[in-house]
Amino acid sequence: MIIASSETGTKRQPEVGGRLCNYIGGCWSESTRSEFLPVTNPATGELLGEVPMSSRADVTAAVEAAGQAFPAWRSTPAVERVRVLFRLKMLLERYADELAECLTREHGKPRAESRAELQRGIENVEHACGIPTLMMGETLEDIAPGIDCETIRQPLGVFAAMTPYNFPVMIPLWFWPYAVATGNTFVLKPSEQDPLTHQRVVTLAEEAGLPAGVLNVVHGDREAVTALLEHPDVQGVSFVGSSQVARMIYAQAAATGKRVQALGGAKNHMIVLPDADYDQAARVVLSSAFASTGQRCLAGSVVVGVGEAYEPVRDRVVDGAASLRLGNGLDAAVDMGPVISARHRGRVVGYVEQGAQEGAHLLLDGRGATVPELPHGHWIGPTVFEGMTPGMAIGREEIFGPVLGVTRVDSLREAVALMHKIEYGNATSIFTTSGRAAREFRYRAGISMIGVNIGVAAPMAFFPFGGSRGSFFGDLKAQGRDAIEFYTDRRVVISRW
Ligand code: NAD
């Protein structure tokens with residue numbers, strides 16, 4: 001079993017089926033609250049563990065531990081700080097198969113997708129290993145006779161992140177490796193729905209030599225998040241989740257003067273022009289819409305066929321979606337796993353029902369999908385609507401499940417206008433063989449992550465990740481140079497000797 005026991009702190013790290021501990025000041029410690037939520041395998045219903053709903057006192061202890069660790073960690077040379085991350089990278093690679101299996105068990109996504117998620121996480125650790133160079137300042141001699149000016153980047157203290165369930169390994173790694181590499185200390189509040197695999201990552205960080213208190217983990221929900229937002233010693237927060245919560249986090253963190261980056265939800269449009277390669281476009285659209293069972297912020301939600309592209313792409317997508325095999329992600333032949341919970345399944349099914357009532361036409365209905373050998377899984381099959389419009393809830397709201405709309409417009413301009421009727425601005429894609437059309441699209445899209453003949457426009461670790469409009473609240477995004485900016489303050493020194 002993946003959650004191996006480790007006796008490094010005062011507490012034993014729990015086995016699967018046991019209760020998770022918080023990780024505070026280098027010790028695995030029980031929450032002061034006795035309320036727990038079950039963590040289950042969404043394909044089988046098997047109980048994998050229980051996660052504590054930590055209290056304000058737990059959060060206070062974690063922030064204090066992080067605060068105490070800050071002075072020594074800050075003065076540890078950057079090259080030594082990143083040596084821990086180099087070792088972590090090697091450990092993540094050594095245990096990659098186990099971690100991917102654990103992730104599939106608690107999240108449901110196919111094992112290959114779990115492995116790909118882990119890889120994207122590792123790439124952030126690799127990028128953070130470059131901090132000794134990335135964190136350098138600038139100098140200009142003789143800004144006036146005999147006077148020099150320089151900027152230096154300094155860490156600020158304790159940072160925190162609250163992360164979602166859909167990429168529970170990768171998304172925390174968008175944040176804490178950069179924060180600690182730049183000399184800050186950290187408190188992570190992972191998703192309460194699937195916290196097990198990242199808990200294992202934390203044990204590997206400990207094994208890699210991360211000193212006590214530099215990274216702390218407090219499990220929980222709203223109460224823990226509120227306590228982090230209200231704690232005066234937390235200098236900045238990173239949030240990833242639904243837009244409704246992201247908006248609230250942004251407002252609350254800003255009100256108390258914290259740095260904040262809050263990444264929210266999405267409704268991504270994929271535009272297919274008549275000159276596109278229809279087979280390639282349909283293949284990419286299918287993967288974008290239905291991989292991870294549609295539970296990703298970069299999933300394509302609406303295919304917009306321009307003119308004569310519409311019918312061939314629609315038909316290919318519906319045929320391809322109908323052939324996807326649903327099942328346990330540990331089975332290599334499976335294309336699509338379950339959604340995370342019965343509650344989330346109910347939400348997705350609710351949207352499908354509403355869409356049918358609002359007048360959209362169901363070309364493929366996944367509501368009745370089952371996996372006979374796994375009767376307790378949260379199954380919903382690929383679902384495709386025709387005639388979805390931004391006037392309908394299914395056309396403008398994030399469904400976050402395997403539900404795709406297909407719609408027709410007459411021109412690229414009309415496609416862009418349709419996309420702009422939606423509040424979200426996370427990602428978009430165009431499929432075309434025309435460089436001119438692609439350039440026009442890039443110029444007018446007004447959306448932060450743009451794919452050209454790419455269905456999931458996921459920036460790699462050295463580029464910024466984050467949306468615009470209703471999908472992002474803040475200015476500095478995750479990853480890339482933005483991460484270094486977010487976790488450091490530039491101080492200017494003007495000297496005369
Ligand atoms: P969520 O908003 O329900 O939860 C995210 C985090 O916020 C969790 O840690 C949760 O415990 C906490 N939380 C939930 N409700 C809260 C509240 N009322 N007050 C304080 N904290 C609260 O999101 P989720 O269901 O875990 O994840 C799915 C969402 O995340 C989707 O909307 C998806 O688009 C979004 N997402 C966005 C990106 C991106 O890069 N923009 C990436 C991944 C996921």
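The structure shown here is a predicted model. The volume of this second largest pocket is about 210 Å³. Two elements, helix H4 (111–128) and helix H11 (278–290), each give two or more residues to its lining. H11 supplies the largest share, four residues.

Sorted by class, the lining of the second largest pocket holds ten nonpolar, five charged and two polar residues.

## The largest nonpolar core

The largest nonpolar core is made of 64 residues. Those with the most contacts inside the core are Leu88, Trp174, Phe175, Trp176, Phe186 and Leu210. Helix H2, which covers residues 78–94, gives the most to this core, with six residues. Both domain 1 (22–264 + 471–496) and domain 2 (268–452) give residues to the core, so the core lies between the two domains.

In soluble globular proteins, nonpolar side chains tend to be buried together.

## Enclosed cavities

How many cavities of 30 Å³ or more does the model hold? The count comes to four. The largest cavity has a volume of about 110 Å³. It is lined by 15 residues, and the closest to its centre are Gly294, Ala299, Ser301, Ile399 and Phe400. By class, seven residues of this lining are nonpolar, five are polar and three are charged.

## Cysteines without disulfides

The model has zero disulfides. Cysteine 21 is in no disulfide, and the nearest cysteine sulfur to its own, that of cysteine 27, is 11 Å away. Cysteine 27 is likewise in no disulfide, its nearest cysteine sulfur being that of cysteine 21, 11 Å away.

Is cysteine 21 buried or exposed? Cysteine 21 is buried, because its relative accessible area is 5% and buried means under 20%. Cysteine 27 has a relative accessibility of 22%, so it counts as partly exposed.

Phenylalanine 70 is part of helix H1, residues 56–74. With a relative accessible area of 16%, phenylalanine 70 is buried. Phenylalanine 70 and valine 214 are 144 residues apart in sequence, while their C-alpha atoms are 7.0 Å apart in space.

Glycine 264 is found in the loop between strand S11 (259–263) and strand S12 (268–272). Which class of accessibility does glycine 264 have, buried or exposed? Glycine 264 has a relative accessible area of 7%, so it is buried. Along the chain, 162 residues separate glycine 264 from asparagine 426, and the distance between their C-alpha atoms is 8.3 Å.

Valine 313 sits in helix H12, residues 310–322. Valine 313 is buried, with a relative accessible area of 2%. The C-alpha atom of valine 313 is 10.0 Å from that of leucine 273, and these two residues are 40 apart along the chain.

## Residues with positive phi

Aspartate 142 is not a glycine, yet it has a positive phi of about 55°. Its place is in strand S5, residues 138–144.

Asparagine 453, also not a glycine, has a positive phi of about 60°. Asparagine 453 lies in the loop between strand S19 (449–452) and strand S20 (468–469). What is the relative accessible area of asparagine 453? The value is 25%, so asparagine 453 is partly exposed.

How values were computed
Residues numbered from 1 in each chain as written. Predicted model: local features only at pLDDT ≥ 70, side-chain atom pairs only at ≥ 80, totals over all residues. Heavy atoms only, no water. 1 Å grid on protein atoms, 1.4 Å probe; cavity = no way out; pocket = protein on both sides within 12 Å on 5 of 7 lines; lining within 4 Å. Points joined across faces, edges and corners; volume = space filled by probe spheres on them. Nonpolar A, V, L, I, M, F, W, Y, C, P; charged D, E, K, R; others polar. Disulfide = S-S within 2.5 Å. Buried < 20%, exposed > 50% of the residue type's maximum accessible area, 1.4 Å probe, protein only. Core = buried A, V, L, I, M, F, W, Y, C linked by side-chain atoms within 4.5 Å. Domains from an automatic or database assignment.
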